[in-house]
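Please look over the sequence and the model before reading on.

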Amino acid sequence: NNMVELIMAYSDTIKLVVGDTLPELTFNLKDSNTAASGKTLDPEDSTTWAAVNLTNGSVKLRIREVGKTTVLSTITATISAPTSGTCTLIFPAGTWTAAGTFEGEIEFTKSDGNIQTVQDFIKFKVRDDFD
């Protein structure tokens with residue numbers, strides 16, 4: 001069973017303000033069971049993992065408040081470099097409507113309909129705007 005993981009470490013928290021639609025986030029999805037070309041596979045070192053080919057697939061980010069089960073937003077990423085496993089997204093207006101701590105999960109759906117979800121969450125800390 002392949003594990004897809006982000007290059008970005010989970011311990012990083014993305015800090016935002018209520019109403020923000022930026023920054024643009026870039027994700028590089030990789031397969032921890034397949035060595036990158038010219039590398040020796042090390043399951044603990046994501047720099048040795050092969051990129052997941054996103055061609056004809058889709059990538060979504062789902063966001064919920066930490067400790068809750070209700071999904072507040074589902075955002076579809078733009079696949080910017082499919083064979084490199086790279087996708088980007090910006091937050092649509094209305095994504096961040098309240099301050100708090102949120103978590104997101106990345107889900108990749110292959111062209112054949114099979115789904116792989118990244119195991120680790122992405123944390124978002126959102127503070128109130130001065131307005």
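The model is a predicted one. Its largest nonpolar core has 24 residues, and the structure holds three salt bridges.

**Nonpolar core**

- F91 and F124 are the residues with the most contacts inside the largest nonpolar core.
- At least two residues of this core come from each of the strands β2 (13-17), β3 (25-35), β5 (58-65), β8 (86-89), β9 (100-109) and β11 (122-127).
- Neighbours within four places in sequence left aside, F91 is in contact with L16, D20, T21, P23, L25, L61, I63, I75, W96 and F124.

**Salt bridges of R62**

- R62 forms a salt bridge with E105, with the closest N and O atoms 3.6 Å apart.
- E105 lies in strand β9 and R62 in strand β5, and the two are 43 residues apart.
- R62 also forms a salt bridge with E107, where the closest N and O atoms are 2.5 Å apart.
- E107 is in strand β9 and R62 in strand β5, so this pair ties together parts 45 residues apart in sequence.
- E107 is buried, at 10% relative accessible area, while R62 is partly exposed at 22% and E105 is partly exposed at 24%.

**Salt bridge of R64**

- R64 and E103 meet through their side chains in a salt bridge of 2.7 Å, N to O.
- This pair links distant parts of the chain, with R64 in strand β5 and E103 in strand β9, 39 residues apart.
- R64 is partly exposed, with a relative accessible area of 25%, whereas E103 is buried at 9%.

Conventions: Residues numbered from 1 in each chain as written. Predicted model: local features only at pLDDT ≥ 70, side-chain atom pairs only at ≥ 80, totals over all residues. Heavy atoms only, no water. Core = buried A, V, L, I, M, F, W, Y, C linked by side-chain atoms within 4.5 Å. Buried < 20%, exposed > 50% of the residue type's maximum accessible area, 1.4 Å probe, protein only. Helix = DSSP H or I, 4+ residues; strand = E, 2+ residues; numbered from the N terminus. Contact = heavy atoms within 4.5 Å. Salt bridge = Lys/Arg side-chain N within 4 Å of Asp/Glu carboxyl O.
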